[in-house]
Amino acid sequence: MKQLLGISILVVDDEPEMLSILCDVFEDEGACIQVAEGGHIALNCLKQGGGVDVVLSDICMPEGDGLELLKNILSTIMNPPPVILHTGCFDIKFEKAKELGAFDLLVKPANSKTLVEAIIKAMTHSKLKSS
Amino acid sequence: MISEIKSLMDSLNIGIWSWNIASNEFYWDESMHKLYGFQANNFPDAYDAWLNIIHPDDKRRCEAEMTEFLAGKSDWDTRFRIIKPDGEIRHIVGKGSLSRGSDNSPLKISAINLDVSHAARVDAEKMTTAKKMATILEAVAAGLWESDLRAGTLELDDSLYRLYGLNRVDCPDAFEANRRAIHPEDYEKVMGGTMENILAGRSRFDIEFRVVHSDGSLRFLAVKITVERTKDGVPIKMFGVNHDVTELRYVEDQLRQTIAAIDSAAIVAHTDKTGIITYANDRFCEISGYSRSELIGSTHKIINSGHHPKEFFQKMWKMIGSGKTWYGEICNKRKNGTEYWMQTVITPIRNTSGEISIFLSMRIDITAAKNNQLALISTTNRMLEAQRVAQLGNITVDVNSQVEEMSEEVKHIFGFESGEACDREARLARIHPDDRQAYLSAKKEVIQNGAILEGEFRVVHPDETIRYALFRLKAAKGGDDRNIITGTIQDITARKEVELKLLRTQETLTTMLDTVPIGIGMTSPDGEIIGMNFQMLKMLGFETVTDARRAGILSIYQDHQDQQRLLGALIVDSSVKDAEVLFKRSNGSSFWGSLSATKKRQSDGRVVIIFSMIDLTERKRDEALLVQSCKMASLGEMAAGVAHEINTPLAIIVGKASRVNRLLIELKQDSEIITKEVTIINDTAMRIARIVKGLHSFARSGENDPLLETKVSDVMLHTLNLCQERFKAKNVSLLVEEDPDLVLHCRETQIIQVLLNLLNNAFYAVQTLSDKWIRLEVRDAGTNSLQFSVTDSGHGIPVSTAEKIMQPFFTTKPVGTGTGLGLSISRGIAEDHGGKLFLDSSSPNTRFILDLPLKGNYIKKDSVA
């Protein structure tokens, strides 16, 4: 059973291999994927109104880092989608991410199960909020 | 009359005491009280109390004499000294006799005490007068009786009943009253004696007898009996006048004894108004060499030595002629021409009409003392002046007679005026109470064992100033082979004050030296240790300076050359500052210290080296810790920096691995072998991720983190992540025993640090062994604590090493391998958590235990700026 059927996810990462793996994982579960290789592109994507349900973003990226993206999403997008941060650094803690407005923080390397569950959790929360 | 006698007794300083043995009544008259310096009725009338007043030197003898006396073996006839409550010493002559019952048992003791301190005050003539007066007392009628011899009746008056101690109502019959009252032994004498006298035709006769009162006391009664007869001599009536003569008998007895006492103690003479000798006692004859007949009838010119000028005697006569008593010292001449000195008291005695009838002189021989004194005077004058300047006096005491000679300066030292008496007791009273006992025992040593007394005693002057006196006394033989104590007494107050001041300064300095947290010492230029303060001794592990001296200066350096270097530097410069030197403790352990030294020439010309030492162990450790934490911090930064670089590729590996698995499923290529291999790739990647995370956490000091509830299993896991690969690589088997439920209140990274340190030490230790294993255990140790233990296959640590392993910088690892800080830091962490880290010496294998409280109770470490 495809767990993410009909869900539109914006995946942000500067590492093409990472993007490809994440796309594979989510598409396998039936999600609709948009990708961005940096924060700036991701923000433009959202501004064009791509109907994104969830954002999963890396933090350390040369073209606009994840935390800046998060800030911009929260300040410029109407009804912003939940943002899940996805990082290999230890410089941000879960509590800090929450404080900044992120929905969740995933630490690399996270396996596919963890990734999918995080998306489902975000969607459930988002639906409860809008209803 | 009795009262007159009493007052006479008083003026004579005669006290009377008695002891009724049967009733155990002790009686002291007023004079006794006065004599002994007590208020009337204020003296505890008891034998022991009396003994306590007696001068310590006479006490034992008095006690023995009294025992003899009470046992009836002898009369009491003695002389002793007493110390009155005000400290005054008086000389007492005591005489007493014991009266006995028919069965020879002692009934009553009557005794007198006579103060002979100023024997001449005793007025012998007055006593003779008293005797005369006493006889008049007999006329004092007391009880009367009348007997009709024909009718056979007897009537007693009330006074007689009273004298008998009877009551008429109880005993109306007069004959019965006689029987009851008269002493059984005397009854026959009274009755028979009366009858005898009547039969002998006497009409007036006296009988004396005793009556016994119902309380057992005895009274002496004298009865004057008058017999009325018919013309032809037939007795018809008898009258009796009874009077109580008890007091009289008593007083008479005592007076007799008193006179004897004075006569035996002093040289007594009476002269008439013109100075002609009318009485001379034996002692007078003895000392003058004249017979009594030669003396009586002549004047005192017979013994005039010509020593005194005429004015001396004129003055004396003028004084006694006016009725006053004269005191003085007179030099007399014996019949054989030799001279003798008399301390003399002359008292004029008045007759009943108030005119001076005789002069009573009493004298005591003081020749011995006087001769010495005279012989010394001329040479002494110069000496005395010298002594005055030196504040040094000399004193000689005859041990037996207690006759003393001393120079004026002795008196000054004791604070007496020239004219004041300065006898033994007076001097003793001025010795500081705290020193008195020591002085007395030292003096006793001199007398008994011939020791030489050389000691300082404090003397308290009347104005309460305290002087320090140096006594130098020794026993010696005087002329005539007399035992004497002789020596000097010197006032050393001035010197003493300087000494004391110095001592106080020294004490202050010593206290200061011992309390400063800096080791301070002094050596001679060739390194002989002169002194070290407490702090330096403590630093170097010596008990005393003597220990340090024994060990020698070189022993305090790890490298002996350091002493030479120090001396060399002191030759070039006069001081060395803050040189860092590795010192060695007496137990062989070493520590870093900062050494400063100065060369100083002392006031006596000696050159000394004064050196100070500050223990740098703490500072060195802090420095090393700082280096260590800097290293750790940079490692942490690096770990954080590389984490992203590693984790992203790891995420790709993990992602790709799971992709491979999914592809296998999609392609229906169900290959178990490939799936297994992919799983290994995935797990390995995850492990790399954990190591990176662990490295990051470990590198943080965690010192300021709050203590958090932490799962012990997490602590164990995070620790093992950081080391188990290495152990595996070196073939060291790691056994882990844990309890998954345990939760600990701690700073996780710090505990990991401790465990990792223990594991690394164990790892290092077992490397050379054939059997290599390490066991990490954790268990609930009860009483709210938890124990981690790290055991390895090694066989314990030698005791000498075990003592030092917790010290900073101690390491058994080769240079460059270890910091020597691991265990000391670990112990610090354990203690910060309120726990402890120790070597379990009971284990056959090497085992360290980290004991931690489950909750709180930790010491918050001061945050270091």
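This is a predicted model: local features need pLDDT of at least 70, side-chain atom pairs count only at pLDDT 80 or more; totals for chains, interfaces and linings use all residues.
**Entry: chain B overall**

I started with the secondary structure of chain B. I find 27 helices and 32 strands there. Next I looked up burial. Of the 865 residues in chain B, 29% are buried. Then I turned to contacts. Among those in chain B with a separation of 6 or more, 52% join residues 24 or more positions apart.

**Entry: helix H27 of chain B**

I picked out H27(B), residues 822–832. Which of its residues are buried? I list B:Gly822 and B:Leu823, then B:Ile825, B:Ser826 and B:Arg827, and finally B:Ile829 and B:Ala830. I note that the list holds B:Arg827. I also checked what comes after the helix. B:Gly834 follows H27(B), and its phi is positive, near 75°.

**Entry: a hairpin in chain B**

I moved to strands E18 (residues 453–460) and E19 (residues 466–477) of chain B. How do they run, parallel or antiparallel? They run antiparallel, and eight bridges join them. For one pairing I looked up B:Gly455; its bridge partner in E19(B) is B:Phe471. The two strands form a hairpin, with five residues between E18(B) and E19(B). In that turn I found a positive phi at B:Glu464, about 70°.

**Entry: where chain A touches chain B**

I went on to the contact between the chains. Chain A puts in 16 residues and chain B puts in 19. Which element of chain A gives the most to its side? It is helix H1(A), residues 16–28, with five residues. Seven residues are nonpolar, six are charged and three are polar.

**Entry: helices H2 and H3 of chain A**

Last, I looked at how H2(A), residues 39–47, sits against H3(A), residues 66–76. Their axes come within 9 Å and cross at roughly 20°. The cut-off for roughly parallel is under 35 degrees, so H2(A) is roughly parallel to H3(A). The crossing of H2(A) past H3(A) is right-handed.

I then listed the residues that make this contact. From H2(A) they are A:Gly39, A:Ala42, A:Leu43 and A:Leu46. From H3(A) they are A:Gly66, A:Glu68, A:Leu69, A:Asn72 and A:Ile73. By type, I count five nonpolar residues, three polar and one charged in the contact of H2(A) with H3(A).

Definitions and conventions:
Residues are numbered from 1 along each chain as its sequence is written. Chains are lettered from A and ligands numbered from 1 in the order in which they are written. Helices (H or I, at least four residues) and strands (E, at least two) are DSSP runs, numbered from the N terminus. A residue is buried if 20 or more other C-beta atoms lie within 10 Å of its own, exposed if 12 or fewer, and partly exposed in between; C-beta atoms are placed from the backbone. Two residues are in contact if their C-beta atoms, placed from the backbone, lie within 7 Å. Ala, Val, Leu, Ile, Met, Phe, Trp, Tyr, Cys and Pro count as nonpolar, Asp, Glu, Lys and Arg as charged, and the others, Gly among them, as polar. Two strands pair if DSSP finds at least two bridges between them. Axes are lines fitted to C-alpha atoms, for helices over the stretch in contact, and angles run from 0 to 180 degrees between N-to-C directions. Angles under 35 degrees count as roughly parallel, over 145 as roughly antiparallel, 65 to 115 as roughly perpendicular and the rest as oblique. A crossing is left-handed if the near helix is turned anticlockwise from the far one by less than a right angle, and right-handed if clockwise.
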